[in-house]
Amino acid sequence: MARTRVRTSSLLALSTALALALLTGCGDSGTGTGTGTGTGTGDGGHQHDGRPRVVVTTTWEGAFAKAAGAEDIKVIVPQSVHHAPDYDPKPSDLAAVAKADFVLYAPFEPYAEKIKEAAGSDAELVEVKLDNDPGRAGAEITRLGKLFGTEDRAAKGKAAIGTEYDRLGKELRALWAGGKAPTAVSQVFTTWATGLAGATTVGTYGPEAVTPGQLAALSAEKPALVVDNAHMATGAVLPDSGAQQVTIANYPGDDLDLLAVYRDAAAELRKALGSG
């Protein structure tokens, strides 16, 4: 009987050890799904391959993250949503936020508070200054690269933006009538595109609806270009002034390519300057 009890005890101990080994293996499978409030991977808040898991509210923040060297990027607001601030995050969106290492958002987005509340305890909340001006965008990309630990890739992303902006700007300046810079009024979020064309900004408007008094002041400047924001439903500004209307998109597509935003803007400006 004593020998039977010993054998039974040994079998129980072996079974327990095997069960623990299986559980341990499942908990470090590298899937990154986790069950905690952070990433749950047990590797200091990052996936097993060392890449930070980045959740961004829109493709605009996503483009900055990609240029900074991030590879694992989850976008909450679909690119098809015309006015991103109108989007209401779904439970699945908030669940993705809870598993992030970094959560990127802009302060003007009305769902920013929901995003903050949904972030896991291990997530780092990062407020991004969204501006496609290459100097300001480059500064944000450098900052994000330091946070992600991808400084080398961020340096390359910043350089690519500066190079493309300068190249396109040179092409547009060659289209100036009489070699003179055109004048322009611009929606506040598209002044970077006015700079791309080398235009002289004589007035800005928005993001609020333009008042009759503002319209009168802008009209008095007799601008050659009105550079508007495709994502703001303010309607055409100075439609009967004779100024060329240029509509600029700030948000990139699902490819999160900020260079494409510059190229698309240049194409619209080229038409307005008489090339297309």
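In the predicted model, the cover over the buried residues of helix H3 includes strands E1, E2 and E3 together with helix H4 (112–118). Helix H3 spans residues 91–98, and its buried residues are Asp93, Ala96 and Val97. These residues lie on the same side of H3 because they cover an arc of only 105 degrees around the axis.

The strands named above belong to a sheet. This open sheet has 4 strands in the order E2-E1-E3-E4, and the pairing is parallel. Its edges are formed by strand E2 (72–75) and strand E4 (124–127), each of which pairs on one side only. From one strand to the next, the twist averages 20 degrees. Within the sheet, strand E1 (residues 53–56) is joined to strand E3 (residues 102–105) by 3 bridges in the parallel sense. Val54 has Phe102 in E3 as its bridge partner. Helix H5 (residues 134–148) also packs on the sheet, where it touches E1, E3 and E4. The direction of H5 makes about 175 degrees with that of E4.

Glu140 is located in H5. The relative accessibility of Glu140 is 7%, so this residue counts as buried, the cut-off for buried being under 20%. When neighbours within four places in sequence are left aside, the contacts of Glu140 are Phe64, Glu127, Val128 and Lys129. For Lys129, the backbone nitrogen lies 2.9 Å from a polar atom of the Glu140 side chain.

Another group of parallel strands is found around strand E5. This strand comprises residues 183–187 and is mostly covered, with 4 of its 5 residues buried. Strand E5 runs parallel to strand E6 (residues 200–205), and 5 bridges join the two. Between them, the chain passes from E5 through helix H7 (residues 191–196) to E6, giving a right-handed β-α-β crossover. Two residue pairs illustrate the link between E5 and E6. Val185 has Gly203 in E6 as its bridge partner, and Gln187 is partnered by Tyr205 in E6. Strand E5 is also joined to strand E7 (residues 225–229), again in parallel, by 3 bridges.

Ser186 is a residue of strand E5. It stands opposite Val227 in E7. With a relative accessibility of 0%, Ser186 counts as buried. Apart from neighbours within four places in sequence, Ser186 is in contact with Thr191, Thr194, Gly203, Thr204, Tyr205 and Val227. Thr191 and Thr194 fall within the range of helix H7, residues 191–196. Gly203, Thr204 and Tyr205 fall within that of strand E6, residues 200–205. A polar atom of the Ser186 side chain lies 3.3 Å from the backbone nitrogen of Thr191. Ser186 and Leu218 are 32 residues apart along the chain, and their C-alpha atoms are separated by 9.8 Å.

Ala174 is placed in the loop between helix H6 (151–173) and E5. Ala174 has a relative accessible area of 64% and is therefore exposed, the cut-off for exposed being over 50%.

For the protein chain as a whole, 9 helices and 8 strands are present. The chain has 276 residues, of which 41% are buried. Among contacts with a separation of 6 or more, 52% are accounted for by residues 24 or more positions apart. The pair formed by Ser186 and Val227, opposite each other in E5 and E7, is one of the contacts described above.

Methods
Residues numbered from 1 in each chain as written. Predicted model: local features only at pLDDT ≥ 70, side-chain atom pairs only at ≥ 80, totals over all residues. Heavy atoms only, no water. Buried < 20%, exposed > 50% of the residue type's maximum accessible area, 1.4 Å probe, protein only. Pairing = 2+ DSSP bridges. Right-handed = clockwise from strand over helix to strand, strands pointing away. Contact = heavy atoms within 4.5 Å. Polar contact = N/O pair within 3.5 Å; in protein donor to acceptor, adjacent residues only side chain to side chain. Axes fitted to C-alpha atoms, helices over the stretch in contact; angles between N-to-C directions. Arc of directions from axis to C-beta.
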